[in-house]
Amino acid sequence: MRRWIPIVIAATVALTTTSPASASLTPANATAAWPTSANPMAASVASANVTMASSAGATSRGVNCARVKCIALTFDDGPGPYTAKLLDLLREHRTKVTFFLVGQRVGKYAKTTRRMARDGHEIGNHTYTHPHLTSLLDDQVRDQIGRTQDAIHRATGKEPRLMRPPYGDTDERVGAIAAEMGLPQILWNGSSRDWELRNTGAVTKKVLGLAKRDRVILMHDIWPETVKAMPKILTTLEKKGYHVVPVTSLLRGTQLTAGEIYPVGGWN
Ligand SMILES: [Zn+2]
């Protein structure tokens with residue numbers, strides 16, 4: 001039942017969570033409200049909509065998460081020097097994941113980004129320079145998201161249809177801009193804390209400990225220890241009967257609305 005903890009708790013954790021792209025920064029908006037989702041009732045309703053979605057829809061890969069045990073692994077802050085290695089491994093395991101890319105890195109790793117798309121992974125927008133979006137002006141938020149859409153479009157020929165605010169730092173205003181740009185906001189309900197652990201064994205243990213049906217796990221492919229942890233993570237999840245899927249496969253074929261936050265109501 002941990003998934004149903006009101007989003008207020010999630011917001012608190014999100015705002016105190018740092019991420020490797022600027023680990024030295026202290027969240028500037030630790031006390032900022034999260035008006036869209038601060039109302040537990042609203043969060044429950046939204047969550048119910050998501051989790052009670054049609055159980056009939058299989059994904060394009062043929063994995064039907066209504067029938068089998070799925071888990072979504074999501075990789076933020078890349079592409080980077082270890083991403084290609086991760087793509088090799090995912091190919092070996094015939095596994096698709098979701099990458100949330102930082103726009104300013106895409107040009108340097110355009111080939112890797114193209115391959116990511118070609119291999120069938122899901123690509124999301126993680127802003128251009130990884131700022132705290134709630135501390136920016138509206139036009140700066142639009143610029144962060146828009147430039148990243150453009151960079152990914154240049155590399156892959158397609159624009160992302162998802163975004164993840166850095167640090168999970170969002171509010172009603174950022175949500176409205178995401179909505180205006182047609183992008184649902186994807187958070188997570190299991191954090192590997194890999195940027196803190198920086199140890200292959202510890203990351204492996206942490207992620208396997210978080211494994212639970214339909215969880216969205218936060219990881220970072222910019223850390224070599226994380227990529228090194230992946231063979232054992234994938235092998236163990238497979239043994240336990242999990243299907244590792246891109247995050248939208250958890251939705252069983254239903255669509256998130258632009259600006260909507262998913263997953264709602266949980267943290268770990
Ligand atoms: Zn990040």
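In this predicted model, helix α7 is followed by Gly 182, whose phi is positive, near 80°. The helix itself spans residues 172–180. Within α7, the residues Val 174, Gly 175, Ile 177 and Ala 178 are buried. These four cover an arc of only 160° around the axis, so they sit on the same side of α7. Their cover includes α6 and the strand β4, residues 185–186.

The loop leading from α6 (138–156) to α7 contains Tyr 167. Tyr 167 has a positive phi of about 65°, although it is not a glycine. Most residues other than glycine have a negative phi, and most peptide bonds are trans. Tyr 167 is also buried, because 23 other C-beta atoms lie within 10 Å and the cut-off for a buried residue is 20 or more.

Asp 77 belongs to the loop between β1 and α3. With 24 other C-beta atoms within 10 Å, Asp 77 counts as buried.

The loop that holds Asp 77 also holds Pro 79, between β1 (70–76) and α3 (83–92). A cis peptide bond joins Gly 78 to Pro 79. Another cis bond links Tyr 262 and Pro 263, and Pro 263 lies in the segment after β8, residues 261–262.

| Site | Angle | Value |
|---|---|---|
| Gly 78–Pro 79 | omega | about 0° |
| Tyr 262–Pro 263 | omega | about -5° |
| Tyr 167 | phi | about 65° |
| Gly 182 | phi | near 80° |

How do α3 and α10 pack, and at what angle? The axes of α3 and α10 (residues 224–239) are 9 Å apart and meet at an angle of about 5°. An angle under 35 degrees counts as roughly parallel, so α3 is roughly parallel to α10. On the α3 side the contact involves Lys 85, Leu 86 and Leu 89, and on the α10 side Val 227, Met 230 and Pro 231. The residues of this contact divide into 5 nonpolar, no polar and 1 charged. Lysine is counted as charged, so Lys 85 in α3 is the charged residue of the contact.

Note on methods:
Residues are numbered from 1 along each chain as its sequence is written. This is a predicted model: local features need pLDDT of at least 70, side-chain atom pairs count only at pLDDT 80 or more; totals for chains, interfaces and linings use all residues. Helices (H or I, at least four residues) and strands (E, at least two) are DSSP runs, numbered from the N terminus. A residue is buried if 20 or more other C-beta atoms lie within 10 Å of its own, exposed if 12 or fewer, and partly exposed in between; C-beta atoms are placed from the backbone. Axes are lines fitted to C-alpha atoms, for helices over the stretch in contact, and angles run from 0 to 180 degrees between N-to-C directions. Angles under 35 degrees count as roughly parallel, over 145 as roughly antiparallel, 65 to 115 as roughly perpendicular and the rest as oblique. Two residues are in contact if their C-beta atoms, placed from the backbone, lie within 7 Å. The arc is that of the directions from the helix axis to the C-beta atoms.
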